[in-house]
Amino acid sequence: ESRPTVRKPIYSTLPLDIPEFREIVESFVGCMDDTMKSLRAAQARMDYQEVREIAHRLKGTGGTVGFAAFTEPSRKLQFAAEERDDETIEAMLVELEDISSRIELPLEA
């Protein structure tokens, strides 16, 4: 019998008490749903170029806004799209959806 996985929240490592940083992170988090929807839509169309471009962007911005968890799955997704590896694309999308669903923003002080 497997125990349910504990879903640990993911927080940005940027200093969110600084308004400029908080704004950048909130903007990234606010776009996450759209980003994941765009990835799924591109996957459905088998638009590997679009998947690759979004993955590349996510790889860069995720790390920049303090969410290093996105870097590796995004890199793998980008490579899988280049290789047209549907199985890995699906696996990485599931992983990225999980990561994005666990992002939490601390309340403003």
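**Briefing: buried residues, ring pairs and a helix crossing**

M32 is buried, with a relative accessible area of 4%; buried means under 20% relative accessible area, exposed over 50%, and partly exposed in between (1.4 Å probe, protein chains only). This is a predicted model, where local features need pLDDT of at least 70, side-chain atom pairs count only at pLDDT 80 or more, and totals for chains, interfaces and linings use all residues. Residues are numbered from 1 along each chain as its sequence is written, and side-chain values use heavy atoms, with hydrogens and water left out.

**M32 and its surroundings**

- M32 sits in helix 1, residues 19-44. Helices (H or I, at least four residues) and strands (E, at least two) are DSSP runs, numbered from the N terminus.
- Residues up to four places away in sequence aside, M32 touches L58, F70, S100 and I103. Contact means heavy atoms within 4.5 Å.
- M32 and L58 are 26 residues apart along the chain, and their C-alpha atoms are separated by 9.4 Å.

**Aromatic pairs**

- The count of aromatic pairs comes to three. Rings of Phe, Tyr and Trp (its six-membered ring) pair if their centres lie within 6.5 Å; planes under 30 degrees apart count as stacked, over 60 as edge-to-face and the rest as tilted.
- F28 and F70 form an edge-to-face pair, because their ring centres are 5.6 Å apart and their planes stand at 80°.
- This pair links distant parts of the chain. F28 is in helix 1, while F70 is in the loop between helix 2 (48-64) and helix 3, 42 residues apart.
- F28 counts as buried at 10% relative accessibility. F70 is buried too, at 0%.
- F67 and F70 also pair edge-to-face, with 6.3 Å from centre to centre and 90° between the planes.
- F67 is buried, with a relative accessible area of 1%.
- Ring pairs join F28, F67 and F70 into a cluster.

**Helix 3 against helix 4**

- Two packed helices are described by the angle between their axes and the distance between the axes.
- The axes of helix 3 (residues 71-83) and helix 4 (residues 86-101) come within 9 Å and cross at roughly 155°. Axes are lines fitted to C-alpha atoms, for helices over the stretch in contact, and angles run from 0 to 180 degrees between N-to-C directions.
- Helix 3 is therefore roughly antiparallel to helix 4. Angles under 35 degrees count as roughly parallel, over 145 as roughly antiparallel, 65 to 115 as roughly perpendicular and the rest as oblique.
- On the helix 3 side, the contact is made by P73, S74, K76, L77, A80 and A81. Helix 4 brings T88, I89, M92, L93, E95, L96 and I99.
- By class, this contact has nine nonpolar, two polar and two charged residues. Ala, Val, Leu, Ile, Met, Phe, Trp, Tyr, Cys and Pro count as nonpolar, Asp, Glu, Lys and Arg as charged, and the others, Gly among them, as polar.

**R102, after helix 4**

- R102 is in the segment after helix 4. R102 is buried, with a relative accessible area of 19%.
- Leaving aside neighbours within four places in sequence, R102 is in contact with R7, K8, P9 and I10.

**F21, in helix 1**

- F21 is found in helix 1. F21 is partly exposed, at 32% relative accessible area.
- Not counting residues up to four places away in sequence, F21 touches L14, P15 and L16.
- F21 and D85 are 64 residues apart along the chain, with their C-alpha atoms separated by 36 Å.
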